[in-house]
Amino acid sequence: MSSFASMEPITVAYWSIRGLASPLRQMVMYAGAPLNNVMYDLIIKDDGSVDASCWFGVKPEFKKKNPLINLPYVVDGDKIITQTNSCLSYLGRKLNLWGNTEEEVCECEQLLCEIMDLRNGIVKYGYGCNVEKGESFNVAKAVEYLASTKRVMEKLELWLETAVTQRGQSGTFLVADRATAPDFHLDEMLVQHCELAKLAGQTEATFLQDYPRLAHFKTTFEALPGNAKFMASPLGKVGVIPFNQKMAGFGATGEGTEWVPGATQYDFNKHTGVF
């Protein structure tokens, strides 16, 4: 049994999507700690306007405890941590998923920033890929975006190549041949990009064919016993919880497609609570 199994649940709170929270949820479950998954559901009203009162209605109370509060946030005992990379690094330290030396800590921090560049790219694409709501999925735009990831993907590929060939690491992890916070964010980014590639008519193998180290990382990292619970849960299964919000052109439904009012609903409440 994990040494974290008997601790009080760690709360990870975010919108009712995978988004920025997915690697945080995965980290808690990987470590064997109980996860209290909190979701705020953004509503698209009949007139097309957005109702986010479920979060903004309670935000002032959280602001009294942490003036910087935003989504995602993590609650651990009497501590409330916000800002994505801060949440990732906090959980890394808390759950022994962080660097043990100054060099390893620096590597974790650099990788979190680099992977966030990849995240920012797919978010910009996902929320901007359709000129008008209702426009059909544009394969050409998807292919163009996927090609644009080459700059960051090549850097991450070289990082793993160096880790394997110069440090003797396995290639299953980014830092020190054990799981650390950046691994979880990179895995989620590879999942999202591979799903977009499939919508664009590519296979996962085709999309990653120029990045064999990243392909190996994704396959072997996801197969780790520590990830089994997350991967089998609705939080980790691809196709259950959307990547993005309902106004996105990519990832607005579990299938990755555009959200259609009344036609693509899911009961997010089933995916909240303790895992």
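**Exercise 1. Are Phe 62 and Tyr 73 buried or exposed?**

Before you start: this is a predicted model, where local features need pLDDT of at least 70, side-chain atom pairs count only at pLDDT 80 or more, and totals for chains, interfaces and linings use all residues. Residues are numbered from 1 along each chain as its sequence is written, and side-chain values use heavy atoms, with hydrogens and water left out.

*Step 1.* Apply them: Phe 62 and Tyr 73 are both buried.

**Exercise 2. Work out how the aromatic rings pair up.**

*Step 1.* Count them: the structure has 13 aromatic pairs.
*Step 2.* Take Phe 62 and Tyr 73: with centres 4.8 Å apart and 40 degrees between the planes, this pair is tilted. The pair links distant parts of the chain, with Phe 62 in helix α3 (residues 59–65) and Tyr 73 in strand β5 (residues 73–76), 11 residues apart. Helices (H or I, at least four residues) and strands (E, at least two) are DSSP runs, numbered from the N terminus.
*Step 3.* Now Phe 184 and Phe 221: at 5.1 Å centre to centre and 80 degrees between the planes, they're edge-to-face. Here helix α8 (residues 181–199) brings Phe 184 and helix α10 (residues 212–222) brings Phe 221, 37 residues apart. Both Phe 184 and Phe 221 are buried.
*Step 4.* Chain the pairs together: Tyr 30, Phe 173, Phe 184, Phe 217 and Phe 221 end up in one cluster.

**Exercise 3. Find what helix α4 packs against.**

*Step 1.* List buried residues of α4 (residues 84–94): Thr 84, Cys 87, Leu 88, Ser 89, Tyr 90, Leu 91 and Gly 92.
*Step 2.* Look for contacts (heavy atoms within 4.5 Å). The buried residues of α4 pack against β1 (10–15), α1 (22–30), β5, β6 (79–82), α5 (102–128) and α8.
*Step 3.* Check what follows: just after α4, Asn 96 has a positive phi of about 60 degrees.

**Exercise 4. Zoom out to the whole chain.**

*Step 1.* Tally the elements: the protein chain has 11 helices and seven strands.
*Step 2.* Check burial: 52% of the 275 residues count as buried.
*Step 3.* Check contact range: among contacts between residues at least 6 apart in sequence, 69% join residues at least 24 apart.
*Step 4.* Get the extents: along its principal axes, the C-alpha trace spans about 55 × 45 × 30 Å.

Note on methods. Buried < 20%, exposed > 50% of the residue type's maximum accessible area, 1.4 Å probe, protein only. Phe/Tyr/Trp six-rings, centres within 6.5 Å; stacked < 30°, edge-to-face > 60°.
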